[in-house]
Structures are given as structure tokens and as C-alpha cells.
Amino acid sequence: MRTGLCSQPKTLPPWLFYDEAGSQLFEQITELPEYYLTRTERAIFERHAAAIVEHAAGGRRLRFTELGAGSAEKTRVLMKAALARQSGLIFEAVDVSPTALLVAQARIEREIPGVKVDLLDMDYTNGFKLCACDPGERRLVLYIGSSIGNFEPDEAARILRKVRTQLNEGDSLLLGADLVKDEELLLDAYDDAAGVTAAFNKNMLVRLNRDLGADFDPALFDHRAVWNETMSRMEMHLESLADQRVRFAALDWEVEFGEGETIHTENSYKYRPGDIEAMLKAAGFESAATWTDERGWFEVVLGKAANSK
Ligand code: AVJ
């Protein structure tokens, strides 16, 4: 965190968004009219759940493992499709936020009989370890919601390879990825009229005030959403509205901001058709199928673990 604020330009890592308040703000974002990602991906699942699950199963029983599961809201459609083919389903939810997981576990087990939720409180970006499936069972790893888009291409490649090393031949990985589209649509999705995304971005400062005794005044920073065409990504920044100095009591440290200086808080990469399939191939997967919505705004790609790791 401190290194990021000493860099030029200043940066803060996106995982800082997701304290309890930030996770709630993100849930609100997913319901905004401008934030098309969640509802578009959900519509793809609703339409193609049976095909997705059938491709992944290849005639065997399935087990689901979701990375960054959060509330696992969209995954429920796929769970129901799996339960139409088999009795009982193990759903392994991997996340670093145990409170969100506990709520999801209780809800899912109550509302979808037959699902057994196992909580895996792990940071999947740093070498996670899954237990072996039962023989005859296939694992479907879900990495959806365009979460992959938060990572630089080389980090994303490293995560996909790490997932591959945990799988047996014939297991699969389902990736949800946001696609390049009109700049206006992208800008609105990351700078909504109600200001929820602005609050989400600034929540990082509120969190640092609480966790590290910092004295950020969130009103002295503005939310900025930028489309970076060259890098094919949406960026979020916080722009300082004044020359100011912020003190971190817990670190006995201070940092200065010039008027107009920015903190880069997030990248959300946007892909072109074929990009995700190429990333999967490079990580040891054969792309089995791709599903998209009518407008071509979002895609869901199923990769099958190939026999060479
Ligand atoms: C959860 C990383 C997919 O990049 O769209 C929402 C987070 N940032 N609005 C995204 C986010 C701003 C989101 N991901």
C-alpha cells in the first residue's frame, strides 16, 4: 500500500475495495442500470446453463469450485442445471471474505436442496490448493464476473496456469469476460449517475482511515473513470482536488498530493472475441465452447484441461 502511494503515478491495489462496506457497494453496483456486466452474464447462464453443465460434465458427475465466490448469486442457475442431471452437488466457494461466504452458504443450502457448500477461505491469487475430487467426478472451476479483468495479462496468465495445475484432464474452467464495446457504454458502467461507483472507489480511502488511522477527506477526491484504448481497459482513479497532505497515524507516515494528482485504483480489461480462448490455450486448456449475448457485450468461455499440463 505504502509503495503504491510512493510510486509515480500513485496507485492502490483493487483488493482494498472489498471490506464489508465495499462488498455491499459492489453488490449495489451489480444492480445499477449502467452496469450491464452482471445481468448480461446472468442472462447467458439462464439461456445456456444446460449446455454449459453438459459440456463440463462429459457424462460424469460434477463438482463446482468457484474462485472469488462472493454471494455466488449467478452460480445458482448453474447449480440448478447440474442438479437436473445428478443428485446432490458439492459447491466449493473460494473467497478471502469469510463473512460474505457464510451468508451465501446458509442461503444456498436452504434455497437449493441438494447443494452442499464447502467454504475455502483462501486467496486464490497466491497458490491455492484444492482437494482431489472423487474418482469418476469432474471438477468445474468457475471464474466468472470478469474478475480476470482486474489482472495484468501476465498475472492473468499465471492464475490460469495455477488453476490448470490443480485440475485433471477433462476437468474444466468457465471464464466470464467483458468485451470491448462503445466507449460511452463503458464509461457509464464505471461512472453511474447515482454515484455508487464513485462511493465504491472512495471507500478505499475510508478503509485506510479506519485500518491505518489515515486522515483522508473523501470529499477532497473525485472519482474518475477512463477508457484506455491502447491497453484495452477501463481504469478507475481518484483525483486530488487540492494540494494536500495525508497522515497515516498507524505508520507514523505522511504523503503529499498535488491538486489534480491521481491515484490509480483499478484496471478492468476488456477483451476481443478470441482473446480468452487464446489465454486458455496458453494455460493448458482446450477451448470447448463460447457463449455470448445477442449484443456481443459479454462472453462465457469453457476451457477443458488438456492432457499436457
Ligand atoms: C468485480 C472486478 C469485475 O471490474 O467491473 C465494478 C469491479 N469496478 N465497478 C469490474 C468494479 C468498478 C468489477 N469486477
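Visitor: At what distance from an oxygen atom of the ligand does a polar side-chain atom of Tyr-35 lie?

Guide: A polar contact is a pair of N or O atoms within 3.5 Å. In this structure, the distance for Tyr-35 is 2.5 Å. The model is predicted: local features need pLDDT of at least 70, side-chain atom pairs count only at pLDDT 80 or more, and totals for chains, interfaces and linings use all residues. Residues are numbered from 1 along each chain as its sequence is written, and side-chain values use heavy atoms, with hydrogens and water left out.

Visitor: Which other residues have a polar side-chain atom placed like this?

Guide: Glu-266 has one 2.7 Å from a nitrogen atom of the ligand. Ser-268 has one 2.5 Å from an oxygen atom of the ligand.

Visitor: What describes two packed helices?

Guide: The angle between their axes and the distance between the axes describe them. Axes are lines fitted to C-alpha atoms, for helices over the stretch in contact, and angles run from 0 to 180 degrees between N-to-C directions. Helices (H or I, at least four residues) and strands (E, at least two) are DSSP runs, numbered from the N terminus. Here, H2 (residues 20–29) and H8 (residues 196–212) cross at roughly 160 degrees, and their axes come within 9 Å. The pair is therefore roughly antiparallel, a label for angles over 145 degrees; under 35 is roughly parallel, 65 to 115 roughly perpendicular and the rest oblique.

Visitor: Which residues of H2 and H8 meet?

Guide: Contact means heavy atoms within 4.5 Å. From H2 come Ala-21, Gly-22, Leu-25, Phe-26, Gln-28 and Ile-29, and from H8 come Val-196, Thr-197, Ala-199, Phe-200 and Asn-203.

Visitor: At what angle do H3 and H4 pack?

Guide: H3 (residues 36–57) and H4 (residues 75–83) pack at about 40 degrees, and their axes are 9 Å apart. H3 is therefore oblique to H4. Phe-45, Glu-46, Ala-49, Ala-50, Ile-52 and Val-53 of H3 meet Val-77, Leu-78, Ala-81 and Ala-82 of H4.

Visitor: Which residues does a cis peptide bond join?

Guide: Gln-8 and Pro-9, with omega about 0 degrees. Pro-9 sits in the loop between helix H1 (2–6) and strand E1 (10–11).

Visitor: What is phi of Ala-72, and where is Ala-72 found?

Guide: Its phi is near 55 degrees, a positive value in a residue other than glycine. Ala-72 belongs to the loop between strand E2 (61–67) and H4.

How values were computed:
Polar contact = N/O pair within 3.5 Å; in protein donor to acceptor, adjacent residues only side chain to side chain.
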